[in-house]
Amino acid sequence: MEELIPGLPNDIALECLIRLPVQQFSKAASVCKNWNSEITLPEFRLRRKLSGLNQPVLVMVQSMVSTVKKPEGDTALSSTQVYRLSVSDPENGSWYDLPPIPELIDGLPRFCRIVGVGSDLLVIGGCDPVTWRVMDSVFVYNFISGLWRRGADMPGRQRLFFGCASNSDGIILVAGGHDDEKNAMKSVLSYDVVKDEWITIPDMFMERDECKVVFHKGKFHVIGGYPTWAQGHFENHAEVFDFATWRWLLEDDFLSAINTSPHSCIEGNDGRLYMCRGGDVAVKEDATWQKLAGLPPGITSVAYLTACQGKLMLVGNGQFYGLHSLYALDLGSDGKLEKWTKVETTDEYSGHVQYGCCLEI
């Protein structure tokens, strides 16, 4: 085997390569065939993980920002209607954009969903930003190669405002949403990223538009949402799918709150569920939700919540301000909470956030 780095044993050279930052992988993979072969192997990512070098990245469907002139002559920043994929590296505070999807020259689909699987980021569905046609497309970005590929289209009826999440085995569950006539759906699909195949899962008990899917305690949970007849009035129960029995189980009073959107509900690194409820962030202890902390100062609307290496990361804005800010809350290994810390961002990355996901690469 040729030397990966001249003059160094290959095991030492690999120790150097696995320490590369995520945004340098694609450049390193293009240096030579040997580097490309090593970096694209599944074992490379596993070696990073076992060495404690996995790097968290937050990816968001975020609008571009422009400068507008006010009637009184002053200027201000404002979110545009053009969305792209922005990436935050919370460890070093850097921000950057992912390369645009080659087939989508007018920007990301509106209301698309994104989900991370290993070193892949998937962009699923949404509306064409020009024609507003509902799309069934799947686009996959690989953080190692730095390239996009097209996945198999989502089958079945048109679907928008669905919930989706992935498990640890590269399976994505797409549930609920509404069709092209605004009818809430109870149908469910499963996508295997490696096989690039979709299969149909048994229908849920209920229609669930704008539901949230979370992989929790080894099973997919479809939380909240609302049926066609109750537009915008969110249910507080959830359905859990068991792949072993191929059946759904209904969990009543899962949210313990009436008419609460579940969009911020996530599983933390500790296996517990967290969610923004009113002006607080709550954690689910067994069957009950308990207040964990208030929202960051000045934040009244939460666009996105996720967990990352023992911290909660929250994106939101104030009542009268359109620009978004990012905050971190250290949960603490001893159970002692710290205060919210504002993550510094440039104006370029303060646009409106529609959706997000967290990957560890």
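First, the ground rules. Residues are numbered from 1 along each chain as its sequence is written, and side-chain values use heavy atoms, with hydrogens and water left out. Because the model is predicted, local features need pLDDT of at least 70 and side-chain atom pairs count only at pLDDT 80 or more, while totals for chains, interfaces and linings use all residues.

The sheet is open, with 4 strands in the order β4-β5-β6-β7 and antiparallel pairing. Strands here are DSSP runs of E, at least two residues, numbered from the N terminus, and two of them pair if DSSP finds at least two bridges between them. At the edges sit β4 (113–117) and β7 (147–150), each pairing on one side only. Strand β6, residues 138–142, pairs with β7 over 4 bridges. Asn 142 has Leu 147 in β7 as its bridge partner.

Next, Asn 236, in the loop between β13 (219–223) and β14 (238–242). Its side chain makes a polar contact with the side chain of Asp 253 at 3.1 Å. A polar contact is a pair of N or O atoms within 3.5 Å; within protein, one must be able to donate a hydrogen and the other to accept it, and residues adjacent in sequence count only if both atoms are side-chain atoms.

Last, the cysteines. How many disulfides does the structure hold? It holds 0, a disulfide being a pair of cysteine sulfur atoms within 2.5 Å. The sulfur of Cys 265 has its closest cysteine sulfur in Cys 276, 9.9 Å away, so the two are too far apart for a bond.
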